[in-house]
There are 2 protein chains.
Amino acid sequence: MPDSPTLPSVLLDELHRLLGDRLVTSAAVRDHHSHDESYHPRRLPDAVVFPVSTEEVQAIVSACARHGCPMVPFGAGTSLEGHVIPVRGGVTIDLSRMNRILRVSVEDLDATVEPGVTRKQLEKHLQSTGLTFHLDPGADATIGGMAATRASGTTAVRYGTMREVVLGLRVVLPDGRAIETGGRARKSSAGYDLTRLFVGAEGTLGVITAVTLRLHGRPEAIAAATSHFDTIDAAVETVITAIQLGIPVARIELLDEVQLEAVNRFSRLDYPVAPTLFFEFHGLSERDVLEQASAVEEVAREHGARRFDQAVTAETRAALWQARHDAYYAALALRPGSRGWTTDVCVPISRLAECIVETKKDVASSSLVAALVGHVGDGNFHMIFPVRPEDPSELAEVQRLTDRLVERALRLGGTCTGEHGVGLGKQRFMSVEHGEAVDVMRAIKAALDPQDLMNPGKLLPL
Amino acid sequence: MPDSPTLPSVLLDELHRLLGDRLVTSAAVRDHHSHDESYHPRRLPDAVVFPVSTEEVQAIVSACARHGCPMVPFGAGTSLEGHVIPVRGGVTIDLSRMNRILRVSVEDLDATVEPGVTRKQLEKHLQSTGLTFHLDPGADATIGGMAATRASGTTAVRYGTMREVVLGLRVVLPDGRAIETGGRARKSSAGYDLTRLFVGAEGTLGVITAVTLRLHGRPEAIAAATSHFDTIDAAVETVITAIQLGIPVARIELLDEVQLEAVNRFSRLDYPVAPTLFFEFHGLSERDVLEQASAVEEVAREHGARRFDQAVTAETRAALWQARHDAYYAALALRPGSRGWTTDVCVPISRLAECIVETKKDVASSSLVAALVGHVGDGNFHMIFPVRPEDPSELAEVQRLTDRLVERALRLGGTCTGEHGVGLGKQRFMSVEHGEAVDVMRAIKAALDPQDLMNPGKLLPL
């Protein structure tokens, strides 16, 4: 029978009877669940449970609710905003063993999966079906975590975010009841959109135990390209024009010269050290994707692109996107031993160049370094600051730059977070971004989780 | 000073001071606000107000809230489920004079409009900009009403529904406060998705006073086509295959032989009286749309299409879509003097043919006639019953068939309403469709509208 410093023994007893050795209080496991991939300070949960079914999650939640014990859902721990850190202690519900793909429908282009399925696991499972799940946040996150944070990534410009691709959910409520939201219909007007309420709620309203997803047919043809520019403005103007023309680009990623240099070093590549766009095109035929690529090349050249290189083979395409995926770790490698502090503003695309240029000026006039990588088709970009969390003055400086960046993004009609979520790091911006709408969020939280036990201390401002 | 049979005179006084002659209690105006386009029984509001600003809506809502007076938002009155009927009396808030287009951004492909703007008004306004608002529910509904009912229509298969295209809202809450939800960023993970909560809430959580919408560039090239089949199955299989292949069809509409005959009669056309698909293709170039059309023609012929006729000129295209738009009135014209009872189930597309065939059998074995028109790319179809609301036995028979249809759709993984909303007509299905999730909806309603004054008696089951 495990021992825990702080949990009531009657709760531990109950969880142990329920789960046996899938209730764990060892230091190593608690430590593994004390942090995410970011700079946010660690905190150990009092215990970690590993349920394998919705019924077990219901029993865990009911028991914790009866004992007033906080609960934190945990997927792969790839959050960048401290979502999984149990800031008030309690029980971490690790959903990684709920990783079955429950059904795939080729005819309906949809699937239902348990929350612990990772996106690479799903993609591998789909390989033989002709279907694909396009959303790609970089990390091999779980589908449950991606739903909880309303994640997106490189393909959102064409295929949408978790907001668009989640058709339905199974959710265990804070009182232990399980509900189904949405369903398999492509659209519905049948009442309040609870699916969209739980997508992005960051585990503060309940625990997601199944996700029904829209899938897409694997594209018949794919092409990729890179294009290098003298200025960020020229790159962003290229993107604006391409989108206005309705060219259905599948990915448009911007890397600045700092990020390019980091990527070159980390991945042993030799891209020109300049603002660069990475493109991917999906289409019905080779001719179709080449038509898209030519249309974009014409736009890029009109905006002064230095080069426009098509990645014609699957290998060069894979190398290109591997470099893009390594951007986060490449940026951290600029300062060995650092942790990542990543900003995530999203603005109307017409204001994107202005927002980026001002922000890069801020960074240049500070003592810090930051690499820029952006999903520019959506107006979303990240500044990755490699930081030393043990240096308070350094953290204060990044916070100051982040505050200025968010203030700028909000002034331009944007949001403090395009895809990473609020967690701990963005709580300070919620009231200024949403005003009195935060009261509506609080009213919903109080109505569904009156004891404030579901991932407490996150999302809503303190 | 207007007179009202039932409103407290102190409330009437207050509204009159606020609005002058934009507070109306005449029988004619109250009658105009007593019904929608459907068979649902009329009920007069006690008064109708015509605000011209968010501030006026706030003052109206505050006054009504203080006096415990029910409020019903009203747009164009084109609902098919009784949404605007003031079943508990009170004040109808007619938003038709809030019809300014507040801003359009060509660079960002978005616009902000007041709720009384109709979709045709918006489309006309956009003509000179190169942008377009694709959503087309048939009726010239207001944008506010479309947001409130989560409407969609013929282009949802490619461009999404109001769920996808609404970026943000201004909403007056039941206590009179105004909030902004969402914003102009294409995506955001900043807290609970209040935009999606109010989209589809049917005015039961607040009054929408501004809507920020995603727009699209006007397609460079458009083509249309019709294709006739021997069976509904063959038509639906054609659609499934086209979508699996990733052909980005902009519209795929199915009309059955009853509807074709009605359309022929009503619009003096001579389409073959057979299950028919209407297609529209949008693309980057003539070659692009012709490639799409050829790909679909090949699929249609594989599934035994009798004919595949391209509507090459803008005129023939316009005639084709006019015929489609007239479907509702054409169906009613099958029985002069009738009102429309329209079903709206949406199912996974793999089950669509089965659902349609069973439903047509039900109708054939009844004493009624019904025409079928469907947004089949989404799995959504309507049976339009021309009914005589004064005949209770006839209404009972349509209700029986509707109950069977909804039960069938739910069994197949679908929803009772794809795009019309719940209103009065679908309340009976909410609990069976959503189970205990209805309790979550009730909790949200109680948290935001504790007095139950915002469009009371709608959406949630009684």
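In chain A, strands β2 (residues 47–49) and β4 (residues 91–94) run parallel and are joined by three bridges; strands (E, at least two residues) and helices (H or I, at least four) are DSSP runs numbered from the N terminus. The model is predicted, so local features need pLDDT of at least 70 and side-chain atom pairs count only at pLDDT 80 or more, while totals for chains, interfaces and linings use all residues. Residues are numbered from 1 along each chain as its sequence is written, chains are lettered from A and ligands numbered from 1 in the order in which they are written, and side-chain values use heavy atoms, with hydrogens and water left out. Within β4(A), A:Ile93 is the bridge partner of A:Val49. An open sheet of four strands in chain A has the order β1-β2-β4-β3, with mixed pairing, where two strands pair if DSSP finds at least two bridges between them. Its edge strands, each pairing on one side only, are β1 (23–24) and β3 (71–74) of chain A.

Chain B is superposed on chain A by a rotation of 180° with 0.0 Å of shift along its axis (RMSD 0.0 Å), using least squares on the C-alpha atoms of residues with pLDDT of at least 70 in both. The two copies are thus related as by a two-fold rotation axis. At the interface, 81 residues of chain B are in contact with 81 residues of chain A (heavy atoms within 4.5 Å). Between them the chains bury about 6,600 Å², 56% of it on carbon and sulfur atoms; buried area is the accessible area (1.4 Å probe) lost on putting two parts together, summed over both. B:Lys187, B:Ser189 and B:Tyr192 supply 15% of the area that chain B buries against chain A, more than any other three residues. Because 100% of the interface residues of chain B are also interface residues in chain A, the copies meet through the same surface.

The second largest pocket is lined by 50 residues, with B:Thr78, B:Ser79, B:Pro137, B:Ala139 and B:Ala141 nearest its centre. A pocket is an open set of points on a 1 Å grid over the protein atoms alone, where a 1.4 Å probe fits, with protein on both sides within 12 Å along at least five of seven lines; lining residues have an atom within 4 Å of a point. Helix α5(B) gives the largest share of this lining, four residues.
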